[in-house]
Amino acid sequence: SGFGRIKYDSTNKIYSFTGDKPNIQGTINIPAYAYRRDVDSLRNYFNSLIINVSGYYVYFEDEAVKAILVTNFGDGTGITEEQVATRTTLGTVFINNTTITKFNELQQFTSLTSINFYKCSSLTSLALPTGINSIENETFSGCTSLKYITLTKPTLISLANTNAFTE
């Protein structure tokens, strides 16, 4: 009956498998970075196959966020989980940006101590990382579309002043 096919759905950005599942055993060593969810999909499908990679890139739902971060802090292809976890600042790369809409992966930047999304007028949602304990003046000022800020754990956040969320 033959083996199945692996298909990539670019709209939903997922892999799917059809047909008979081959029993592949062994180890594949990939001396490069990959996206964790892609490797996990292959591991789940070929459960007897061991897949080793050098490390993982962070998947960003918003392509504009990804482009900014890869350009400023990544390696040209992606930004690794290690780079994200140890990054202490994002500087001013998002200030006045009108294209980003969501940044829920921000929660993975666990070493950040400050953020600035001043005048990111299309930003609708983000998830704050655990290292953020204060929101400074004008951090979200001009973020006229912002509806949701998710806290990844119960956190006491102080507002430096009342202008953090002004239009």
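**View 1. Contacts of phenylalanine 103 in the predicted model.** The model shown here is predicted, not experimental. Phenylalanine 103 touches Phe60, Val65, Leu69, Leu90, Phe94, Phe109, Phe117, Leu123, Ser125, Leu126 and Ala127. Residues up to four places away in sequence are left out of that list.

**View 2. The largest nonpolar core.** This core has 27 residues. Phe94, Phe103 and Phe117 have the most contacts inside it. Two elements give two or more residues to this core: α2 (63-73) and β6 (125-128). Of the elements, α2 gives the most, with five residues.

**View 3. The second core.** A separate core of eight residues is also present. Its members include Ala34, Leu49, Val53 and Tyr56.

**View 4. A cluster of phenylalanine rings.** Ring pairs join six residues into a cluster: Phe60, Phe94, Phe103, Phe109, Phe117 and Phe140. Phe103 also touches Phe60, Phe94, Phe109 and Phe117, among others.

**View 5. Aromatic pairs, with tyrosine 33 and tyrosine 57 in focus.** The count of aromatic pairs comes to nine. One of them, formed by tyrosine 33 and tyrosine 57, is tilted. The ring centres lie 5.6 Å apart, with 40 degrees between the planes. Which of the two burial classes, buried or partly exposed, applies to tyrosine 33? Tyrosine 33 counts as partly exposed because its relative accessibility is 36%, which falls between the 20% and 50% limits. Tyrosine 57 has a relative accessible area of 9%, so this residue is buried.

**View 6. Tyrosine 45 and phenylalanine 46.** These two residues form an aromatic pair of the edge-to-face kind. The distance is 4.7 Å centre to centre, and the planes are 85 degrees apart. The pair counts as edge-to-face because the angle between the planes is over 60 degrees. Tyrosine 45 is buried, at a relative accessible area of 14%. Phenylalanine 46 is buried too, at 10%.

**View 7. Serine 125 in strand β6.** Serine 125 lies in strand β6. Its relative accessible area is 11%, so serine 125 counts as buried. Serine 125 touches Thr101, Lys102, Phe103, Asn104, Leu146 and Tyr148, with residues up to four places away in sequence not counted.

View 8. Ile6, Tyr8 and Tyr15 make a nonpolar surface patch of about 290 Å². Tyrosine 8 belongs to strand β1 (residues 5-9). Tyrosine 8 counts as partly exposed because its relative accessibility is 44%.

**View 9. The whole chain, for orientation.** The chain holds three helices and nine strands. From the N terminus on, the order is β-β-β-α-β-α-α-β-β-β-β-β. Of its 167 residues, 32% count as buried. Among contacts with a separation of 6 or more, 37% join residues 24 or more positions apart. The accessible surface comes to about 9,500 Å². Carbon and sulfur atoms account for 49% of that surface.

Conventions
Residues numbered from 1 in each chain as written. Predicted model: local features only at pLDDT ≥ 70, side-chain atom pairs only at ≥ 80, totals over all residues. Heavy atoms only, no water. Patch = residues over 30% accessible without salt bridge, like charges linked within 9 Å, V, L, I, M, F, W, Y side chains within 5 Å. Areas by Shrake-Rupley, 256 points an atom, 1.4 Å probe, with all protein chains shown as cover. Salt bridge = Lys/Arg side-chain N within 4 Å of Asp/Glu carboxyl O. Helix = DSSP H or I, 4+ residues; strand = E, 2+ residues; numbered from the N terminus. Buried < 20%, exposed > 50% of the residue type's maximum accessible area, 1.4 Å probe, protein only. Core = buried A, V, L, I, M, F, W, Y, C linked by side-chain atoms within 4.5 Å. Contact = heavy atoms within 4.5 Å. Phe/Tyr/Trp six-rings, centres within 6.5 Å; stacked < 30°, edge-to-face > 60°.
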